[in-house]
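Hello,

Here is the structure I promised to pass on. Please open it alongside this email; my notes follow below.

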Amino acid sequence: MSMTNHIGKPLNRVDGPAKVTGGAKYAAEFNVPNLAYGVAVSSSIAKGRIRKIHADEILAIPGVLQVFSHENVPSLAWFDRSYKDDVAPGGSPFRPLQGAEVKYSMQPVALVVAETFELARYASGLLRIDYDVEKHDTDLETKRDDGFEPGRGKTGWVPPPKPRGNPDKELRNATHRVEAEYIHLAQHHNPMEMFASTVEFLGDKKLTVYDKTQGAFNSQQYIMKVFGLNKDEAHVISKFTGGGFGSGLRPQYQLFMAVLAALELKRSVRVSLTRQQMFSMGHRPHTLQYVELGTNPDGSLAALHHHALHETSQYEDYTENVVNWSGMLYQCDNVKLTYQLAKIDVATPQDMRAPGAATGSFALECAMDEMAYAAGIDPLEFRLRNYAERDQNANKDFSSKKLRECYHEGAAKFGWDKRTAEPGSMRDGDLLVGWGVATGVWDASIQKCAAKATLTADGHLTVLSGSNDIGTGTYTIMTQIAAETLGLPMAAVTFQLGDTTMPEAPLQGGSWTAASVGNAVKQVCDKLGEQLLKLAQKMEGQPLKGASYEDVQFVNGQIRLNSDITQAVVIRDILAANGEEKLEAENTMMPNPVNQLKNSLHAHNAVFVEVKIDPELGTLRVTRVVNAVAAGRILNPKTARSQVLGSVVWGISMALMEESVMDHGFGRYINHNYSEYHIPVSADIHDIDVIFVEEEDDKVNPLGIKGIGEVGLLGVAAAVANAAYHATGKRIRNLPVSIEKLML
Amino acid sequence: MNSFTYTRATAVEAAVREKAADDGVKFIAGGTNLLDLIKENVERPTRLVDLNHLPLTAIEAAPDGGLRLGALATNADTAWHEQVQKRYPLLNQAILAGASPQLRNMATNGGNLFQRTRCYYFYDTATPCNKREPGSGCSAIGGYNRIHAILGTSDSCIATHPSDMCIALAALNATLQVTGKNGERTVKFEDFHRLPGNQPELDNTLAPDEVVTAIDLPNEDFSRHFSYLKLRDRQSYAFALVSVAAALQLDGNTIKDARLALGGVAHKPWRDQQAEDLLKGQPATEETFRRAAAAVVENAQGYGHNTFKIELAKRAIVRALKQAAEGTQHAADIFTNSNP
Ligand SMILES: Cc1cc2nc3c(=O)[nH]c(=O)nc-3n(C[C@H](O)[C@H](O)[C@H](O)COP(=O)(O)OP(=O)(O)OC[C@H]3O[C@@H](n4cnc5c(N)ncnc54)[C@H](O)[C@@H]3O)c2cc1C
Ligand code: SF4
């Protein structure tokens with residue numbers, strides 16, 4: 001029996017002990033010597049110009065070192081391209097502290113640096129700033145007619161496909177037709193850890209930067225370009241990240257500020273943002289969606305139109321894929337997908353967990369429910385009837401698609417067959433019971449990724465790749481892959497990430513990390529394995545003579561022959577026998593372009609939700625959720641399950657609570673704190689069942705991984721809203737589904 | 001955040017003396033409200049006088065046979081005190097409906113009385129607010145006012161008082177023991193918090209130098225028919241949109257005595273004695289409850305986002321009275337207070 005089969009096992013997190021004992025250090029926890037502290041000052045107005053910053057008044061306070069603002073920041077990189085990070089959208093990136101112009105409320109306008117954090121905070125509270133106020137415009141609702149189609153979007157954005165068939169005509173001729181508008185306000189990521197950067201000044205321009213980010217290399221590139229540093233001078237470390245959800249994909253302004261201050265003051269500096277300032281940055285954009293569906297007499301979809309309009313800032317055109325999914329989730333020959341942006345005075349929106357899809361699936365899946373009712377078909381049956389066997393957007397086959405199994409296994413577990421269709425027909429005492437279903441599709445992406453593996457004479461394997469672990473379990477699954485590939489126990493393997501001196505890995509986002517870093521780790525370990533085999537074959541009396549890499553297996557700490565597993569060499573002995581101290585391999589994994597182009601690569605899910613509603617009081621509880629996910633190979637059911645549990649909680653949060661409310665009078669998010677921006681507490685969360693449907697896929701990538709960080713969120717909000725309809729007969733198309741909408 | 005000095009008071013008189021001598025002084029107890037406000041630059045004390053070493057943590061019999069709750073007893077110790085659970089379960093439920101276990105372990109009874117509104121604008125120094133800066137204007141009127149008051153508002157302020165504990169105290173006819181430089185006095189609970197009028201910067205009627213030393217609960221029995229119903233956006237760690245403290249004494253199905261107080265709807269715990277009068281002597285039926293509920297909101301005014309509270313308050317009152325009459329507050333119910 002193999003003791004070194006780790007992949008697919010529900011192993012505990014290898015970084016768990018460090019996290020619960022404080023051994024895992026986050027960006028704001030590196031207490032480098034002689035540290036100064038910076039506190040960012042946020043604008044109180046939404047639009048205008050800074051007339052004067054009364055820095056002199058606080059510079060007089062002993063211990064206040066400097067007030068950085070556009071009034072004194074030295075001239076830095078000139079061109080926009082220097083400020084563009086890996087995922088910058090089109091437009092002109094915001095340059096902190098480099099102009100008098102205020103483009104949005106809570107924009108950082110100054111940095112106060114002092115000997116202590118307390119002093120910096122105190123002084124920042126006293127800093128007077130005079131503004132010339134201009135009229136702002138923050139209301140997307142007034143921009144319905146001012147939408148425009150974005151030109152070039154950011155990496156990963158795909159413009160909606162051209163219309164297919166004749167959607168307008170088929171909608172007119174449809175047997176049943178529904179149309180509705182769906183709305184949600186802006187939502188802010190709010191990971192547990194606030195953004196922080198600790199910059200250690202090592203003389204001249206040499207810096208070590210501890211940054212909260214989802215990509216150390218992205219931060220490194222940014223500060224290199226903006227401050228004219230070389231790679232050695234801009235060493236970025238980010239080994240632990242307390243959640244990101246997309247907010248850490250782009251370098252945040254505290255990084256700029258901390259580096260600026262360190263270089264100017266020639267001193268180590270830390271800048272950490274406050275919870276309130278977590279609302280001064282990118283967010284899921286306020287989005288207005290319109291969906292129109294038509295069906296044929298047999299309940300097949302005749303035509304579909306999905307339109308989305310969302311906000312962007314005045315200076316960048318943030319794009320996300322909101323409507324495209326609607327052209328591939330169901331079989332439909334007449335489809336029109338349209339997508340527009342409108343500019344208002346806010347910070348540029350930013351990818352937030354399942355960007356675009358979380359938004360789009362909410363509208364489409366509510367509309368599908370409405371149509372199921374209009375056509376008199378069970379909502380699950382309606383989806384099965386319109387099941388897409390091919391990706392009609394791309395006109396490609398799916399590399400694999402086990403969504404049907406998700407529907408069946410999820411429905412069985414949930415007990416969907418006991419559902420009675422009539423709204424309000426199911427009860428638990430005085431409570432109304434509602435059951436809703438929804439579904440989702442998400443990209444199974446992979447990016448180029450490098451890794452390095454080193455085996456030392458003591459038999460310990462260390463694998464490096466400069467990726468990130470935003471709490472998803474990257475450390476653990478990479479250790480599993482490396483250990484299994486070379487037949488070692490978990491304890492004999494260390495995986496390291498989050499350092500720009502390591503081989504380069506992509507940003508941690510898009511649910512591509514498991515596939516990208518995983519396949520890179522596998523490849524580099526195979527490469528090391530080949531070298532090991534060669535070395536082993538030099539040993540005296542060894543039984544592996546003439547065997548190729550395909551003829552052997554790495555299991556239980558041995559290399560052994562496939563044809564006779566009793567013929568083996570102990571891995572730990574190989575280096576010693578050859579007088580080698582260590583063996584190294586380095587490799588860059590490139591995605592297979594043929595497989596990538598030939599197939600449509602996607603993960604799917606089906607989610608079933610039960611709500612109970614007190615009709616008089618308008619209170620709603622999500623009492624049960626079953627989320628069935630088809631996401632290829634599951635590397636670790638425990639960490640994967642946590643990802644989906646987190647997604648479900650997130651979806652419930654999106655459905656019932658989250659909204660960054662803009663006071664248009666001030667052009668400011670007014671609930672910008674954790675007390676009034678609500679997310680669920682444990683008492684709001686009841687039973688959640690996660691099912692991973694078996695899905696083998698050798699085309700998506702060699703390990704058959706699709707990634708599970710985002711797909712589990714899809715459809716959750718829609719399923720909650722659909723369940724609320726089933727319970728009450730009330731369609732709530734404007735999130736969140738709050739008490740006043742249910743009771744009135 | 002301001003810089004401040006810190007001293008510890010070990011006698012009530014000393015605390016009073018320090019406070020009377022200097023406007024910059026603030027008392028600190030659990031600190032769970034004050035420190036947040038200091039960090040947000042809303043409160044800017046120059047000196048903190050720490051009350052935590054005053055000998056005011058006891059929960060003991062009051063002279064009239066009621067119960068005296070020390071001002072420095074924690075909310076947790078109070079809620080779980082055997083006498084509170086037995087004789088004043090309404091208070092137990094109200095306290096447990098508030099905040100979180102960690103906060104209740106820190107929060108004191110005295111501090112809870114003085115906690116300030118959660119109005120967004122009050123907390124955000126970039127916006128005008130009459131309560132924070134008298135005369136600067138009220139941003140909530142005409143702004144986003146979903147969590148704001150519908151009763152007893154004024155043109156200067158529509159903030160709500162956020163406490164849960166205080167709603168039960170109002171219903172239970174509590175009194176406050178207060179010491180100031182002019183000596184000791186007793187303050188009726190309903191006279192403690194005030195409506196905003198044209199001085200919203202004042203939350204209560206105490207003189208600045210006065211310290212609350214204890215809260216007295218009268219020797220009355222509302223331990224069988226009571227309910228604290230709190231409606232909010234999430235199940236814990238959220239303030240009430242509307243809450244209702246209801247307590248009845250029944251003779252068969254006839255209401256002998258009734259108490260009704262609401263939270264989340266006004267600048268103070270909203271006790272309505274006229275509505276109570278409509279209940280007294282009547283059968284404990286839904287119809288009676290509806291009549292009382294209608295009376296409570298008769299003069300309510302909505303400001304847009306919070307207008308739903310008028311109807312919600314009505315329904316919540318009926319439900320709470322029903323629960324009180326039926327004695328079902330303790331029934332396992334995922335819809336009411338689930339965060340002890
Ligand atoms: C996240 C969060 C959620 C919360 N949720 C709820 C909730 O749902 N329901 C609820 O009711 N409460 C809630 N609270 C508020 C909490 O109940 C109060 O913060 C707490 O009761 C205050 O008590 P304290 O002892 O910490 O007061 P402190 O913060 O120490 O003091 C508050 C004020 O009282 C004054 N003071 C204190 N003691 C005395 C005294 N004896 N005499 C005179 N003045 C005094 C102080 O000077 C200060 O101005 C929440 C708080 C937080 C932070
Ligand atoms: S309601 Fe009261 S506390 Fe809120 S902004 Fe108006 S004056 Fe200030």
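How many residue pairs are in polar contact between chain A and chain B? The count is twelve, with both residues at pLDDT 80 or more. Keep in mind that this is a predicted model.

The interface first. On chain A, 40 residues are in contact with 38 residues of chain B. Together the two chains bury about 3400 Å². Carbon and sulfur atoms account for 59% of that area. In chain A, the residues that lose the most area to chain B are A:Glu616, A:Leu617 and A:Arg621. Those three make up 17% of what that side buries.

There are also four salt bridges across the interface of chain A and chain B. A:Arg668 forms a salt bridge with B:Asp124. Their closest N and O atoms are 2.7 Å apart.

Which elements give two or more residues to the side of chain A that touches chain B? They are helix 3 (117-126), strand 29 (602-614), strand 30 (619-630) and helix 16 (739-743) of chain A. The residues on that side divide into 18 nonpolar, eleven polar and eleven charged.

Now one residue in chain A. A:Pro167 sits in helix 4 (residues 167-173). Is A:Pro167 buried or exposed? A:Pro167 is buried, because its relative accessible area is 6%, under the 20% cut-off. Beyond its neighbours within four places in sequence, A:Pro167 is in contact with A:Ala303, A:Leu304, A:Asn334, A:Val335 and A:Lys336. A:Leu601 lies 434 residues from A:Pro167 along the chain, and their C-alpha atoms are separated by 26 Å.

Best wishes

Definitions and conventions. Residues numbered from 1 in each chain as written. Chains lettered and ligands numbered in written order. Predicted model: local features only at pLDDT ≥ 70, side-chain atom pairs only at ≥ 80, totals over all residues. Heavy atoms only, no water. Contact = heavy atoms within 4.5 Å. Buried area = accessible area lost by both parts, 1.4 Å probe. Salt bridge = Lys/Arg side-chain N within 4 Å of Asp/Glu carboxyl O. Polar contact = N/O pair within 3.5 Å; in protein donor to acceptor, adjacent residues only side chain to side chain. Helix = DSSP H or I, 4+ residues; strand = E, 2+ residues; numbered from the N terminus. Nonpolar A, V, L, I, M, F, W, Y, C, P; charged D, E, K, R; others polar. Buried < 20%, exposed > 50% of the residue type's maximum accessible area, 1.4 Å probe, protein only.
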